Amino acid sequence: MANVRVLEGGLCSSVQDFGRVGFLRYGIPTCGVMDEFSASVANLLVGNARDQALLEMLYTGARLEFLEPMYIAIGGADLKPQLNEVAIFNWESYEVRPGDVLSFGGLRAGVCAYLAFSGVLEVPQVHGSKATFMRGQMGGFEGRKLQKGDMLHIQVRPESKKRRLSKHGRPAYHPHATLHVILGPQEHYFSSQTINSFLQTPYRLSRGDRMGIFLEGSVLEWQEKSEMISEPLVLGSVQVLPNGQPLVLMADRQTMGGYPKIATLIKESVIALAQLRPQSSVRFVACSIEEAQKKYCAFYENLAHIAASL
């Protein structure tokens, strides 16, 4: 029986997990959460495995009524959450009871917020994942974002522990960010002067969605004018479009592309970019593969430490 009623869906609220792996060859994107850190911590706060399906809410939150007792937690963007019109806070768990209503007052910081429930969010797995691919109408809740009148079923797991992430472990969201990248794989398409310009001048977020984020700034001219043969794309690829502007590929990116890629963002930089609003500014900093690997390991070591502390 459904135990969460959607009173308002918000701008873009969807079921996500860590995405589907192994289907790029069939043209099926990975999808999944935009901010793995916030989604992981939200799940850990209610006693779930960190990769469990939950709700991702962009810019505005959903309005939900609970029909059964459970625990919830919110991570990521601060959308001014309220429980029965009383302010609650991100990064800690709350018990809800039948008739309680969760709502959101507006965007205070960040972009992507994650709502976890103490239990299993019951939607069908499609190719091994519950992630929503909205353009393909696949996965999640009927392959789409939530809307008024939808009913969610949580297979509630008994939970009685209040959990809170320590303040020093909580990310801060600013209107600017420094993004670490590994140059390539097509840096040879660009002169050293162009690469220096890419690394030394700021770019502004123009627009974007779960598929990709467009940036505006110094024009990056192609040194080689020949067209590339399309090749597989990865999360955080920085394609340079024919107009010389960068496009960073995100969770719902296409599986293949033929524009040259000047750089690839590391995981933490993908997350930082996902939480930036339009008109925010970014600067790129090159790092070696060895440095990127160290940061990658540190990211998961931090999550393991948080899991142990909760």
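Residues are numbered from 1 along each chain as its sequence is written, and side-chain values rest on heavy atoms, with hydrogens and water left out. Because the model is predicted, local features need pLDDT of at least 70 and side-chain atom pairs count only at pLDDT 80 or more, whereas totals for chains, interfaces and linings use all residues.

**Pockets**

A pocket is an open set of points on a 1 Å grid over the protein atoms alone, where a 1.4 Å probe fits, with protein on both sides within 12 Å along at least five of seven lines, and its lining residues have an atom within 4 Å of a point. The volume is the space filled by probe spheres set on the points, which are joined across faces, edges and corners. In the table, Ala, Val, Leu, Ile, Met, Phe, Trp, Tyr, Cys and Pro count as nonpolar, Asp, Glu, Lys and Arg as charged, and the others, Gly among them, as polar.

| Pocket | Volume | Lining residues | Make-up of the lining |
|---|---|---|---|
| Largest | about 590 Å³ | 26 residues | 17 nonpolar, three polar, six charged |

Helices (H or I, at least four residues) and strands (E, at least two) are DSSP runs, numbered from the N terminus. Nearest the centre of the largest pocket lie Glu36, Leu235, Lys267, Val270 and Tyr296; β21 (261-265), α3 (267-274) and α4 (289-309) each contribute at least two residues to its lining, and α4 gives the largest share, five residues.

**Helix α4**

The 21 residues of α4 should span 30 Å at 1.5 Å a residue, and the end C-alpha atoms are 30 Å apart, which agrees; the expected span is 1.5 Å times one less than the number of residues. Its buried residues (under 20% relative accessible area, with a 1.4 Å probe and protein chains only) are Ala292, Phe299, Leu303 and Ile306. These cover an arc of only 65° around the axis, which puts them on the same side of α4, the arc being that of the directions from the helix axis to the C-beta atoms. The face turned away from this buried side carries Glu290, Lys294, Glu301, His305, Ala308 and Ser309, which are exposed, that is, over 50%.

**Strand β3**

Five of the five residues of β3 (residues 54-58) are buried, so this strand is largely enclosed by the rest of the structure. Two strands pair if DSSP finds at least two bridges between them. Strand β2 (residues 12-16) pairs with β3 in the antiparallel sense over five bridges, with Cys12 opposite Leu58, and four bridges join β3 to the antiparallel strand β10 (residues 109-117), where Leu115 stands opposite Leu55.

**Backbone details**

Gly184 and Pro185 are joined by a cis peptide bond with omega of about 15°, and Pro185 is placed in the loop between β14 and α2 (192-200). Cys31, in the loop between β2 and α1, has a positive phi near 60° although the residue is other than glycine, and Cys31 is buried at a relative accessible area of 5%. His127, in the loop between β11 (119-121) and β12 (151-152), likewise has a positive phi, near 55°, but is partly exposed at 38%, a term for values between the buried and exposed limits.
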